[in-house]
Amino acid sequence: MCGIVGYIGKRNALPIVVEALKRLEYRGYDSSGVALIHDSELLVYKRQGKIIELERSLPEPGKCSGNIAIAHTRWATHGEPNEINAHPHSDCHHRLAIVHNGIIENYKVLKDRLMELGHKFVSDTDTEVIVHLIEQFTLSEPTLEDAVCEAMKRVEGTYGLVVIDRDDPNRLITIRKGSPIVIGIGDDENFIASDVHAIIIHTRKVIYLQDNEMCVVERDGFGITTLDRVRVKPQISEVDWDISTIEKGEFKHFMLKEIFEQPTTIENAFRGRIYESMATARLGGLSVPLHELRRTKKIHIIACGTSYHAGLIGKYIIEDLSRIPVEVEYASEYRYRNPIIPDDTIVFTISQSGETADTLAALREAKARGAKVLGITNVVGSSIARESDGGTYIHAGSEIGVASTKAFTSQVTILSLLGILLGRMRNMSTVVGMEYIQELQRLPEKVNRILQKNAQIRLIAESIVHCTNALYLGRGVNYPVALEGALKLKEISYIHAEGYPAAEMKHGPIALIDENMPVVAVATRDPLYDKIYSNLNEVRSRKARLICIASEGDELLAQIAEHVVTIPDTLNNLQPILSVIPLQLLAYHVADLRGFDVDQPRNLAKSVTVE
């Protein structure tokens, strides 16, 4: 979750790593810090709070210059978020400093042993154990690289870390296991980061470090080995992201920008993947022979958070179009419940970042049990992309806002393509296949029409901004949309909200409804419209403040609802791609009106790389 940056080159390192750190702040913003070598001295600056607090505490670049530095923005796991627990952490003699992303599971055992050996600890973090362990091995190993390797062989858990050495200002050492590290290759300068966002303005040539690999990074080169010091041939990738995707432009927040990007990102998700002459989809990256897809008897979808909600929608679509049974499970539970994976089962893992720790662990568990595992992710070179047997990218571009929006609709678009592909392999007719393809192609324009209602939705947000609870209702394929809408409101506005199937409301939640309770209902014209209309009449009779997402031309809901946002019609299975847009905007505006930091909600980070 934390953000890591390192630089070595000819330029002054301090402004470079601080600016890079700002691009990673969405990964953690409890505290931040920087370490650099200046006049043969290791200088460390740390502050609680956001990076702006660190920046205010730094000396002017001219008074604190150096060509090598590391930096960190923290999402707290061990130890409360304060200045002492902020990274970088140093050894006893202030020779070494490290920044770390991950969790050290055996830190207590290691810490007790190191304290017996005379090491003094100042923080409550698991990370500080690593720098003292490396320090201890420098007493017996010939080089710092050897000390790092020997130390990390004793560590249980996950880590992406960078080491800086006061006595050797000409190199940085970085190593990973389970937490992402990317090396950026420049001209007479090189970069290290936990995310390519941090360094894309400096270079597009990158190396994604693999688990149990260490890289020694110098100004004019680098070398990669395993922990056993076996040389590894690097694979250099070219990043093709548009730099504008990591800038807010005219928008107040990244989240709002990313909501408004969805006409483009939805189109990017299906562009080149429609096979019109056969009225089907093509997902070449799946790497599964057509005969193997055709005989698939069961699908498991594994994901967390918003990606889990996309998976639930995928279940409705795939089962309806292909008649293949689909199970959707939280990745955090999957590997701990001894899952049953029958033969002819395909497992799909969904993760925007491709680094979600629980999803990655579930992927490995499924592969260990012999399953074919395919990944749906956004980040080229991510761990899930590399470790899957195949899969597909959603092509949503960089998503900076912690609350996922455009990645969600892109994931549902990919799952829709998958449903069409599997359906056409079985008994879906050409006519139906073409109907789905044509309607997918119309979605970007329909999303644009919904976005034009932004001002109306902000007015609705003003009417509920002081509420403390909210209930979201949906039926059928729109039930997961209710879950996602409630999650968005919780994540960024801190209003307690729950999503429910509308018919389940009578089995408990209706007891909560009164004149102060907003009830947000997704009630588009579909086969269950009459049912949900009846449910909403029950809600209205309890004097709830009813807000409806309805189909254009619906006049019935306007008679019972306090507010109605109409959206274009589409095929029932594709409706979630449209019906979620007003809920994203509603959550955004409520949070903004409440004065909260929409892009960096408290206690959350973008990529959950620890269990």
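A residue counts as partly exposed when its relative accessible area lies between the under 20% that marks a buried residue and the over 50% that marks an exposed one. In this predicted model, Y330 has a relative accessible area of 40%, and therefore falls in the partly exposed class.

A search of the whole structure finds five aromatic pairs, and such a pair of rings is described by the distance of the centres and the angle of the planes. Because Y308 belongs to helix α9 (residues 305–322) whereas Y330 belongs to strand β19 (residues 326–330), the pair ties together parts that are 22 residues apart in sequence. Y308, with a relative accessibility of 11%, is buried, while Y330 is partly exposed.

Y494 and F596 form an aromatic pair that is tilted, the centres being 4.6 Å apart and the planes making an angle of 50°. Y494 is located in the loop between α16 (479–493) and β24 (496–501), and F596 in the segment after α19 (575–593), so this pair ties together parts that are 102 residues apart in sequence. Y494 is partly exposed at 21% relative accessibility, and F596 is likewise partly exposed, with a relative accessible area of 26%.

The ring of Y494 is also faced by a charged residue, since R602 lies over its face at 3.9 Å from the ring centre. An arrangement of this kind is found at Y275, where the charged end of R282 sits over the ring, 4.9 Å from its centre.

Definitions and conventions:
Residues numbered from 1 in each chain as written. Predicted model: local features only at pLDDT ≥ 70, side-chain atom pairs only at ≥ 80, totals over all residues. Heavy atoms only, no water. Phe/Tyr/Trp six-rings, centres within 6.5 Å; stacked < 30°, edge-to-face > 60°. Helix = DSSP H or I, 4+ residues; strand = E, 2+ residues; numbered from the N terminus. Buried < 20%, exposed > 50% of the residue type's maximum accessible area, 1.4 Å probe, protein only. Lys NZ or Arg CZ within 6 Å of the ring centre and 35° of its normal.
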